[in-house]
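Have a look at the fold first, and then we'll go through the pieces.

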Amino acid sequence: MTQILWTYPEFHLRDEEFCVQNLLKYLDWDDVRARRVSEKAAALITIMRHEKSSLGEIETMLNAYPLHTEEGLALMTLAESVLRIPDKDTLDELIAEKLSQGAWDKAGGGDMFTNAAGTGLALAHKTLNSMLGGMGKPVIRKTITEVIRRMGGQFVLGETIDEAMKQARAYHAKKYRLSYDMLGEGARTYDDSRRYFESYATAIQKISEQAFDSDPLKNPGMSVKLSALHPRYTWSRAQDCVASLVKDLVALAMMAKDYNIALTMDAEESDRLDLSLNIFSQVRADPLLQGWDGLGLAVQAYDKRAFAVIDDIAKLAKKTASKIQVRLVKGAYWDSEIKKAQMAGLPDYPVFTRKENTDLSYLACAQKLLSLRDVLYPMFATHNAHTACAIIDMAGNDQSGFEFQRLHGMGEALGDRVVENNPVTIYAPVGAYADLLPYLVRRMLENGASTSFVQHVRNENIPSHDLAHDIVAAIQKQKLYRHPSIPLPKTIFSNRKNSQGFDVADVRVRQALQPPIKIFEEATPLIKGQPVKMGSPYTPHAPHDIGYKLSSVFVSSPDQVATAFHVAQRGFEIWSQQSASKRAEVLNNMADRLEG
C-alpha cells in the first residue's frame with residue numbers, strides 16, 4: 001500500500017508554546033477587530049438570553065447539572081451506563097451509588113424538562129434513603145431510565161431516518177439545511193460493518209427525497225464514520241482496512257453523487273489522522289467522482305496539526321480539480337487523547353492542553369479556510385457567539401462560500417440569529433438510544449467544561465461582555481502556554497520517569513524505526529548471553545505490514561528452553577540476594593540504556 005506523506009509533521013507532538021506562537025503570528029487580529037467582535041458578540045448574547053429556546057437544550061441541562069458538580073458527574077455516568085446494563089441488580093447498585101452523590105433536591109431548574117428530571121431524581125434519592133428503598137427499586141429504576149431516555153431524546157432527531165426526516169421539516173421552514181449523522185461508535189465485527197454500510201446506503205437514498213437543488217451543498221447531506229465501516233480501522237491493520245474502506249467510501253460517494261447530496265467523512269482519534277487522510281485522498285482522486293463537489297471531511301481544531309492539514313487539503317482540491325468541504329470542529333475526544341498519550345509515553349500531546357489554545361487554533365484555521373474559498377467550502381461548527389462573530393468579521397464584505405453548523409439540540413438561539421444572514425446546517429444524529437449514549441456523553445464533555453461558552457450562556461449572573469471576551473488577548477497574557485496541571489507524558493509520575501514511547505501511528509516514525517531493526521539480520525535464542533542456533537531459520541512478516549519481512553528467526557528447541565530455565569533460576573538466586581536499593585539501581589540503569 002502506498003502512503004501519502006502529508007506535510008504537517010512539524011506541528012505533531014510539538015511544544016505547545018511553539019504551536020501557539022505560530023498561530024498568533026498568522027492570525028490577523030488587532031485591537032480594533034478584537035473590540036468590534038467582542039461588542040457584536042456581547043449584543044448577540046444579550047439577544048440570545050431573551051429568546052425562548054426549545055425544551056431540553058444541552059445549555060439548559062449543563063446549567064442545571066454542571067459537570068464540575070457531583071450531580072453533573074453522576075448524571076453523566078448514568079447517561080453513559082444505564083441503558084447498557086442488562087441485569088437489574090447491577091443497575092440498582094449503580095443508581096444507588098450515583099444518587100448518593102450530591103444534593104439532588106437542590107439541583108435542577110431551568111425549563112420544564114430539567115425541572116421534571118430534577119424532581120424525579122430528588123424523589124428517587126429520598127426513596128432510596130428511606131425504609132421504602134427496597135420496595136421502590138423498580139420505580140426508581142424506571143424513573144432513572146426514563147430521565148436518561150428523555151435526556152437523550154433531546155439530541156437525536158429520530159430513531160430512524162424516516163422519523164428524522166419528518167422532524168426535519170420544521171427546520172426546513174426556518175431555512176436550515178440538515179446533515180444527518182447515522183449513529184454508531186464503530187464496527188466490532190465484519191457483520192457490524194456491513195450493517196452500517198447498508199444503513200448509510202439506505203439513508204442516502206432516503207435523504208435524496210429532500211434534495212431540490214442542482215448544488216449538492218444546498219441539499220441535505222450525511223456524515224459517515226470510517227470506524228463504522230471496518231472493525232479493524234487502525235494503522236496496524238492498514239493492509240486490511242484501507243483498500244476496503246476506499247472501496248466502501250467510493251461506493252457511498254457514488255450514490256451521493258447520483259442523488260446530488262453531500263457526503264462528509266467524520267473525524268476520529270488523532271492516531272487515525274494519517275490513515276483517514278490517505279483514505280480520503282484516494283477517494284477524492286477516484287475518476288468516477290470527477291466533477292462532483294459534494295465530498296468533504298471534518299478537521300478538529302484541538303489537534304496541533306489542524307492548521308497545516310488545511311493546507312494539504314487545499315493542495316488535494318487543486319490536484320483533483322474539485323472543491324472540498326471542510327467541517328471545522330473544536331474536537332470531541334480530548335480526554336482520551338490526553339490519557340492515550342500518557343499511557344504511550346509520547347514526547348508531548350497531539351492536542352492542545354488549554355481550551356483557550358483550541359479556541360485560538362479554531363480562529364486561525366477559520367481564517368485560513370476563508371482565504372481558500374476558491375478550492376474549499378468551509379463549514380464552521382460552533383455554538384459560541386464570539387467565534388461566530390469573529391468568522392463573520394474575518395469574512396469581510398464577501399459573506400458567501402461558507403456556512404455555519406450547529407448540533408441538533410444545541411445552539412438554537414445562536415443559530416436562529418445567524419441563519420438570518422448566513423447559511424446554517426444542523427448536524428442531526430439519527431439512531432437508537434443505545435447508540436446515542438456515547439455520542440451524548442461526548443457532547444456533554446465537549447461542551448460542559450467549566451470554562452466553555454455553552455456552560456455559561458444562560459447564566460445571567462455573568463455579564464454578556466465577560467462571555468464575549470477577547471481570547472487572543474487572554475492567551476497573549478499567559479506566562480505558561482501549557483496547562484500547569486497537565487504535565488508532559490514523561491513526567492506524570494512524581495517518583496519516577498514514565499517509560500518513553502513512540503507514536504507508531506505516524507508512518508514517519510515507523511519508517512525511522514525500520515533501519516535499526518534491519519541491522520539484526522537474524523534472531524537467535526540467547527543462553528548465558530550467547531546466541532545459540534539450531535536447525536533452519538524462518539522469516540516472519542511484520543505484524544503492521546505483511547509486505548515487509550523481518551529478520552530470520554531461529555526457534556528454540558525443548559532442550560534449549562530447559563537450559564534457559566535452569567540458567568534463569570540460578571540467576572534469580574543471585575539476584576534475590578541483592579538489596580532492594582541495588583536492584584532498583586540496576587533496573588533504572590537498564591531502563592535508561594533502553595531509552596538512550
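Buried here means under 20% relative accessible area, exposed means over 50%, and partly exposed is anything in between (1.4 Å probe, protein chains only). Helices (H or I, at least four residues) and strands (E, at least two) are DSSP runs, numbered from the N terminus. This is a predicted model, so local features need pLDDT of at least 70 and side-chain atom pairs count only at pLDDT 80 or more, while totals for chains, interfaces and linings use all residues. Residues are numbered from 1 along each chain as its sequence is written, and side-chain values use heavy atoms, with hydrogens and water left out.

**The overall picture**

The protein has 24 helices and 14 strands. Of its 596 residues, 52% are buried. With contact taken as heavy atoms within 4.5 Å, residues 24 or more positions apart account for 77% of the contacts with a separation of 6 or more. The accessible surface (Shrake-Rupley method, 1.4 Å probe; for residues, only the protein chains shown count as cover) comes to about 28,300 Å², and 54% of that belongs to carbon and sulfur atoms.

Two strands pair if DSSP finds at least two bridges between them. On that basis, eight strands form a closed barrel in the order β1-β2-β3-β4-β5-β6-β7-β8, with parallel pairing. Neighbouring strands of this sheet are turned by 30 degrees against each other on average, direction ignored. For angles, axes are lines fitted to C-alpha atoms (for helices, over the stretch in contact), and values run from 0 to 180 degrees between N-to-C directions. Helix α11 (residues 238-259) packs on the sheet, touching β2 (221-224) and β3 (262-265), and its direction makes about 155 degrees with that of β3. Helix α13 (residues 306-319) lies across β4 (295-300), β5 (324-329) and β6, running at about 165 degrees to β4.

**Zooming in on β7**

Strand β7 (residues 403-407) is largely enclosed by the rest of the structure, because five of its five residues are buried. Glu-403, Gln-405 and Leu-407 point one way from β7, Phe-404 and Arg-406 point the other way, and all are buried. In a regular strand the side chains alternate between the two faces of the sheet.

Which strands flank β7? Strand β6 (residues 376-381) runs parallel to β7 and is joined to it by three bridges. Ala-381 stands opposite Gln-405 in β7. The chain gets from β6 to β7 by way of α16, and this β-α-β crossover is right-handed (with the strands pointing away from the viewer, the path from the first strand over the helix to the second runs clockwise). Strand β8 (residues 424-430) also runs parallel to β7, and four bridges join the two. Phe-404 has Val-424 as its bridge partner in β8. From β7 the chain passes through helix α17 (residues 412-418) to β8, in another right-handed β-α-β crossover.

**Helix α16**

Ile-392 sits in helix α16 (residues 385-395) and is partly exposed, at 28% relative accessibility. Leaving aside neighbours within four places in sequence, Ile-392 is in contact with Gln-399, Phe-404 and Asn-422. Ile-392 and Phe-404 are twelve residues apart in sequence, with 10.0 Å between their C-alpha atoms.

Not counting residues up to four places away in sequence, His-386 touches several residues, among them Trp-29, Val-37 and His-469.

**Salt bridges**

A salt bridge is a side-chain nitrogen of Lys or Arg within 4 Å of a carboxyl oxygen of Asp or Glu. A search of the whole structure finds 25 salt bridges, including these:

| Pair | N to O distance |
|---|---|
| Arg-36 and Asp-393 | 2.6 Å |
| Arg-194 and Asp-248 | 2.5 Å |
| Asp-266 and Arg-327 | 3.1 Å |

Asp-266 is in the loop between β3 and α12 (273-284) and Arg-327 is in strand β5, 61 residues apart. Asp-266 is buried at 11% relative accessible area, as is Arg-327 at 3%.

Arg-194 is partly exposed at 36%, whereas Asp-248 is buried at 7%.

Finally, Asp-15, Lys-304, Asp-348 and Arg-482 are linked in a network of salt bridges.
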